[in-house]
Amino acid sequence: MLKSNIAVGLDIGTTKVCVVVAEKDEIGKLNVLGKGRSNSDGLQRATVVNINKTVAAIRAAVADAERESSIRIHGVNVGISGAHVHCIHSNSEISINQTGIVNDSDVKRFLEKAKTNIRYLDIDHEIIHVIPQEFIVDDQEGLLDPIGMAGTTMRGSAYIVVGLRTKIRNIKQCVEKAGLEISAVTFEPVASGMAVMKEREKKSGVVVIDIGGGTTEVAIYIDGAIRYSEVIKVAANDVTHDIAHGVRALYEVAEDLKIKHGCAYSKLSGEDEDLLIEGIEGRTQKSVPKSSLTMIIEARMMEILELVRDSVQRSGYYEYLNAGAIITGGGSLLPGTEELAHDVFGLDVRIGYPEGVSGGIKGSVNNPMYATVMGLVAHAFQNNLSADHSFASTAEILPVDVPQGSREEPLVQEQTPSGKKIVDRMKKFWDNL
Ligand SMILES: Nc1ncnc2c1ncn2[C@@H]1O[C@H](COP(=O)(O)OP(=O)(O)OP(=O)(O)O)[C@@H](O)[C@H]1O
Ligand SMILES: [Mg+2]
């Protein structure tokens with residue numbers, strides 16, 4: 001049981017680390033008590049590459065959340081992602097206990113059996129989740145919650161999420177070095193899905209796509225259970241890199257252009273105009289046609305969405321997506337993404353904001369960028385994970401001890417080949433002006 005009605009989510013993303021402390025209100029909604037956010041530069045494509053920088057970013061975000069909520073944070077549900085995470089389907093069958101009524105320990109035994117039934121698990125991988133997909137009690141099929149059902153045997157399938165031991169260990173190490181306890185580790189697409197999906201969509205069949213800074217996560221839900229997931233190593237920071245290369249500007253300037261003037265779909269970009277690029281640190285000021293900016297962005301967003309479409313087609317579930325697609329994560333904030341995705345997928349698309357949030361500082365998390373962290377909080381409540389926090393007066397909160405000066409150079413994101421093609425074309429375009 002939760003020690004009290006409070007849970008904490010920790011999302012260690014490629015661009016930001018984010019912590020949310022929330023309580024559950026009487027009607028089951030999440031009341032956000034505090035949020036902390038810091039810039040993250042210790043990760044590459046959702047994988048830790050610099051422990052010190054990641055620990056510092058976690059500490060800074062936790063200190064903010066503690067200050068805002070006046071709650072001392074101990075236990076957190078931390079997210080994990082990266083292309084190293086993959087999934088295995090496993091079947092299981094057990095005899096129901098002597099009473100003939102399915103109870104909690106039958107479900108636990110069923111899931112344990114599903115784990116041991118995995119035919120092959122690399123020695124360097126470990127299990128992150130065992131998620132039940134469907135239970136069959138005697139001949140009653142399609143059960144999502146079998147507790148209380150009468151029968152003699154229970155069969156069914158489970159979705160087993162596994163990841164590379166070393167990468168999971170690095171995440172855990174960072175959280176522990178930041179002085180926190182880990183109440184659970186949750187696969188991020190599962191968390192994001194939980195935050196943005198409506199129950200009806202989950203039952204009808206939906207694909208949830210989280211376009212983050214370093215990775216794009218795909219998770220498919222059919223008949224109320226997760227069926228497929230994939231982490232793709234191309235995402236919204238690649239759009240910024242393309243702009244920086246294409247218009248020959250600093251990364252920060254390119255990011256600013258993207259946020260202020262970016263559009264993912266040329267059909268919707270409106271009147272063309274010249275956009276001024278500041279001349280930072282002695283560089284001369286120049287202008288870029290908005291249509292060129294849109295061209296660069298559209299090419300990369302199209303590539304991301306086509307990779308997602310290919311993934312969905314590979315899954316074999318495309319035909320079952322009656323509720324279409326939900327796009328979330330910071331990348332979904334680019335105007336035109338919803339429309340472009342609609343045309344690429346041939347499905348209904350909506351942008352996913354965290355659902356089920358009430359009062360508190362709701363406004364501060366009402367952004368697709370916070371879908372993962374809100375899902376981590378919701379997942380902690382669903383699984384009764386103790387946040388093991390204690391109330392603390394603001395005065396008790398100690399200043400954050402952020403290590404000074406890291407040895408490593410700023411990270412350079414890798415570029416994927418097809419994004420590079422359009423960037424090279426844009427470079428030629430600029431060189432010929
Ligand atoms: N208003 C906006 N318009 C366009 N893009 C935006 C906007 N706000 C944020 N982004 C982009 O969203 C991306 C960050 O998204 P998000 O915060 O979901 O990533 P993350 O969780 O840190 O990374 P990951 O999940 O890949 O580890 C960045 O590339 C950023 O440029
Ligand atoms: Mg993310």
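1. Ground rules. The model is predicted: local features need pLDDT of at least 70, side-chain atom pairs count only at pLDDT 80 or more, and totals for chains, interfaces and linings use all residues. Residues are numbered from 1 along each chain as its sequence is written, while chains are lettered from A and ligands numbered from 1 in the order in which they are written. Helices (H or I, at least four residues) and strands (E, at least two) are DSSP runs, numbered from the N terminus.

2. The four-stranded sheet. Start with the open sheet ordered E8-E11-E9-E10. Its pairing is antiparallel. Two strands pair if DSSP finds at least two bridges between them. Strand E8 (86-95) and strand E10 (140-143) are at the edges with a single partner strand each, so one side of each has no neighbour in the sheet. From one strand to the next, the twist averages 30 degrees. Angles run from 0 to 180 degrees between N-to-C directions, and axes are lines fitted to C-alpha atoms, for helices over the stretch in contact.

3. Its bridges. E8 is joined to strand E11 (residues 153-164) by ten bridges. Look at His86: its bridge partner in E11 is Val162. Eleven bridges join E9 to E11, again antiparallel. There, Glu134 stands opposite Ser157 of E11. E9 and E10 pair over two bridges, and Phe135 has Leu143 of E10 as its bridge partner. The hairpin of E9 and E10 has two residues between the strands, and Asp138 takes a positive phi near 50 degrees in this hairpin.

4. A helix across the sheet. Helix H3 (residues 165-177) lies across strand E9 (125-137) and E11. H3 runs at about 75 degrees to E11.

5. The five-stranded sheet. A second open sheet has the order E15-E14-E13-E18-E19. Here the pairing is mixed. Strand E15 (225-232) and strand E19 (349-351) are the edge strands, each pairing on one side only. With direction ignored, neighbouring strands are turned by 20 degrees against each other on average. Strand E18 (residues 325-328) and E19 pair in the parallel sense over three bridges. Ile327 stands opposite Ile351 in E19.

6. H4 against H10. Helix H4 (residues 188-196) packs with helix H10 (residues 371-382) at about 90 degrees, their axes 7 Å apart. H4 and H10 are therefore roughly perpendicular, a label for angles of 65 to 115 degrees. Contact residues (C-beta atoms, placed from the backbone, within 7 Å) include Met194 of H4 and Leu376 of H10.

7. H6 against H7. These helices pack at about 110 degrees, with axes 8 Å apart. That makes H6 roughly perpendicular to H7. Val239, Thr240, Ile243 and Ala244 in H6 meet residues of H7, among them Tyr251 and Leu257. The contact has six nonpolar, one polar and two charged residues. Ala, Val, Leu, Ile, Met, Phe, Trp, Tyr, Cys and Pro count as nonpolar, Asp, Glu, Lys and Arg as charged, and the others, Gly among them, as polar.

8. The ligand shell. There are 23 residues around ligand 1; a residue is near a molecule if its C-beta atom, placed from the backbone, lies within 6 Å of it. Gly13, Thr14, Gly212, Ala236 and Gly330 come nearest. Helix H6 (236-247) and helix H7 (251-261) are the elements that give two or more residues to this shell. By class, the shell has seven nonpolar, 13 polar and three charged residues.

Methods. Two residues are in contact if their C-beta atoms, placed from the backbone, lie within 7 Å. Angles under 35 degrees count as roughly parallel, over 145 as roughly antiparallel, 65 to 115 as roughly perpendicular and the rest as oblique.
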